[in-house]
Amino acid sequence: MTVGVSLKRVVQTGTGSTAAFNFNAPVLDDDELAVFTYNTSTAAQSLQTKGGSGTYDYTVSINSSTKFATIT
């Protein structure tokens, strides 16, 4: 039996005050997501920490009916 893997990627631009981003693809568990920030002036990409206390760390909520996620 073969299990398929499908990677989804969503790129969204923040404004410096944007608080929530939608991930409109099914997510079964918030550990399936990796959130990165990208600084356009330095071209630096950084993996963020879920539930951390840093500036860009994030939380995830998953809609129980659609399984789509909101990253805050």
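# Reading a five-strand model

Author: This is a predicted model. The protein has 0 helices and 5 strands.

Reader: What pattern does the protein follow along the sequence?

Author: Such a pattern lists the elements in sequence order. Here it reads β-β-β-β-β. Strand 1 covers 21-23, strand 2 covers 36-39, strand 3 covers 44-47 and strand 4 covers 60-62. Strand 5 covers 69-71.

Reader: How do I describe the extent of the protein along its principal axes?

Author: Take the C-alpha trace and give its span along each axis. For this protein the spans are about 45 × 25 × 20 Å.

Reader: What percentage of the residues counts as buried?

Author: A residue is called buried when its relative accessible area is under 20%. Of the 72 residues in this protein, 14% fall in that class. The exposed surface comes to about 5800 Å², and carbon and sulfur atoms supply 51% of that area.

Reader: How many salt bridges does a search of the whole structure find?

Author: A salt bridge is read from a side-chain nitrogen of Lys or Arg within 4 Å of a carboxyl oxygen of Asp or Glu. The search finds 2 of them. In one, D30 pairs with K50, and the closest N and O atoms are 3.3 Å apart.

Reader: Why does the pair of D30 and K50 tie together separate parts of the sequence?

Author: Look at where each partner sits. D30 is in the loop between strand 1 and strand 2, while K50 is in the loop between strand 3 and strand 4, so the pair ties together parts that are 20 residues apart in sequence.

Reader: Which residue forms a salt bridge with K50 at 2.5 Å?

Author: That partner is D31, with 2.5 Å between the closest N and O atoms. D31 lies in the loop between strand 1 and strand 2 and K50 in the loop between strand 3 and strand 4, so this pair ties together parts 19 residues apart in sequence. Taken together, D30, D31 and K50 are linked in a network of salt bridges.

Reader: Which polar atom lies 2.8 Å from the backbone nitrogen of D31?

Author: Polar contacts can involve the backbone as well as side chains. In this case the atom belongs to the side chain of D29. D29 is in the loop between strand 1 and strand 2, and its relative accessibility of 36% makes it partly exposed.

Reader: Which residue has a side chain in polar contact with the side chain of N39?

Author: The partner is S41, at 2.6 Å. S41 is found in the loop between strand 2 and strand 3. Its relative accessibility is 65%, and S41 counts as exposed.

Reader: Is Q48 buried or exposed?

Author: Q48 is buried, at 12% relative accessibility. This residue lies in the loop between strand 3 and strand 4. Its side chain makes a polar contact with the side chain of T37, at 3.0 Å. Leaving aside neighbours within four places in sequence, Q48 is in contact with V35, F36, T37, Y56, D57 and Y58.

Reader: Where are A43 and K67, and what is phi of each?

Author: A43 is in the loop between strand 2 and strand 3, and its phi is near 60°, a positive value in a residue other than glycine. K67 is in the loop between strand 4 and strand 5. Phi of K67 is near 70°, again positive in a residue other than glycine. K67 counts as partly exposed, at 35% relative accessibility.

Terms used: Residues are numbered from 1 along each chain as its sequence is written. This is a predicted model: local features need pLDDT of at least 70, side-chain atom pairs count only at pLDDT 80 or more; totals for chains, interfaces and linings use all residues. Side-chain values use heavy atoms; hydrogens and water are left out. Helices (H or I, at least four residues) and strands (E, at least two) are DSSP runs, numbered from the N terminus. Buried means under 20% relative accessible area, exposed over 50%, partly exposed in between (1.4 Å probe, protein chains only). Accessible areas come from the Shrake-Rupley method with a 1.4 Å probe; for residues, only the protein chains shown count as cover. A polar contact is a pair of N or O atoms within 3.5 Å; within protein, one must be able to donate a hydrogen and the other to accept it, and residues adjacent in sequence count only if both atoms are side-chain atoms. Contact means heavy atoms within 4.5 Å.
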